[in-house]
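I opened this notebook page to record what I looked up in one protein model. The sequence and structure are placed below for reference.

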Amino acid sequence: MSASDLQGLTGETPPTSDASIDLAAEYADAGIGDVFEGLDHDLIGLAPVKRRVREIAALLLIDRVRQRLGLTTAAPSLHMSFTGNPGTGKTTVAMRMAEILQRLGYCRRGHVVAVTRDDLVGQYIGHTAPKTKEVLKRAMGGVLFIDEAYYLYRPENEKDYGQEAIEILLQVMENQRDDLVVILAGYADRMERFFESNPGMKSRIAHHVDFPDYASSELGEIAERMLAQWNYRFDPAARLAFDEYIALRRTRPHFANARSIRNALDRMRLRQALRLFESGASVDASALCTLSEADVRASRQFARPATITEPAFDAELDFAPERGAHRSDD
């Protein structure tokens with residue numbers, strides 16, 4: 001059978017041994033190098049996560065090249081699971097992944113719709129399906145990011161409507177996988193139990209990405225970068241004190257990595273503002289931009305023992321800890 005006969009039967013151009021494509025040019029034309037640079041800029045550390053993102057991007061780029069050379073290839077499954085503690089960059093990576101998918105032609109719009117159980121599950125009969133379908137409609141052509149996805153499944157409550165949302169998601173993840181990528185996120189142990197209880201969901205997840213906690217030195221870099229973005233800085237003594245703060249805070253309950261660092265810096269800025277206000281003195285730009293050691297050490301983290309028992313509800317917050325809440329980082 002000739003090559004022309006084969007093309008007539010399959011509708012595809014058969015591969016030729018002398019055809020080739022410049023991968024470097026493909027990479028440059030796709031523009032995903034800019035996304036990788038943005039990821040490195042947005043997130044300190046997380047080398048295993050960044051490598052996993054590059055692996056997925058490389059697979060998609062190679063699949064695209066294979067198609068252009070007429071090589072038979074199955075459409076890649078793109079649904080993902082992001083596991084790790086809060087504040088480790090899962091949402092940021094999801095947004096960058098959406099950019100990669102769009103630039104490589106695997107999703108039309110490249111946007112991210114981030115939701116939780118409350119956005120998908122209704123409170124009465126007939127309420128869940130419309131809510132879930134409306135979210136899916138908004139996410140089509142992009143990425144649906146479901147944080148703390150395990151809260152969709154509550155087997156202890158036979159009247160819970162989360163299973164209805166799961167069944168709708170499963171159907172769309174299978175039938176419209178060419179136009180929607182679903183990323184499920186949450187704590188690793190809870191996600192594993194969720195998948196064990198929902199094997200249909202587990203079978204549709206092709207890529208599992210684990211997000212490690214930040215090292216203390218990385219948290220210090222994150223703090224300095226955040227302050228620089230806000231036109232603030234530590235003085236030398238404050239920077240040393242903040243290293244002590246990190247060492248204390250990360251041993252206490254409900255530590256949330258970069259999220260806790262941001263919360264702590266917000267509190268320190270409040271203390272600095274009050275200190276300057278109460279001094280009654282004239283201030284220059286340097287004073288307005290500098291956090292002092294006193295602003296750091298006024299945190300209650302320096303005053304309380306590490307074995308303190310946390311209350312069931314933190315009066316400084318307006319939510320309980322079991323659903324993504326985190327204690328005050330004061």
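My entries follow, beginning with the basis of the model.

**Basis.** I worked from a predicted model, in which local features need pLDDT of at least 70, side-chain atom pairs count only at pLDDT 80 or more, and totals for chains, interfaces and linings use all residues. Residues are numbered from 1 along each chain as its sequence is written, and side-chain values use heavy atoms, with hydrogens and water left out.

**Confidence.** I looked up pLDDT, the predictor's confidence in each residue from 0 to 100. The protein chain averages 87, and 87% of the residues score at least 70. I noted that pLDDT stays under 50 over residues 1-12 and also over residues 308-327.

**Lysine 50.** I found lysine 50 in helix 4 (residues 47-68); helices are DSSP runs of H or I, at least four residues, numbered from the N terminus. Is lysine 50 buried or exposed? Lysine 50 counts as buried because its relative accessibility is 12%, the cut-offs being under 20% for buried, over 50% for exposed and partly exposed in between (1.4 Å probe, protein chains only). Beyond its neighbours within four places in sequence, lysine 50 is in contact (heavy atoms within 4.5 Å) with Leu39, Asp40, Leu43, Ile44 and Gly45.

**Strand 5.** I recorded that strand 1 (residues 80-84) pairs with strand 5 in the parallel sense over five bridges; strands are DSSP runs of E, at least two residues, and pairing requires that DSSP finds at least two bridges between them. Phenylalanine 211 in strand 5 is the bridge partner of glycine 84.
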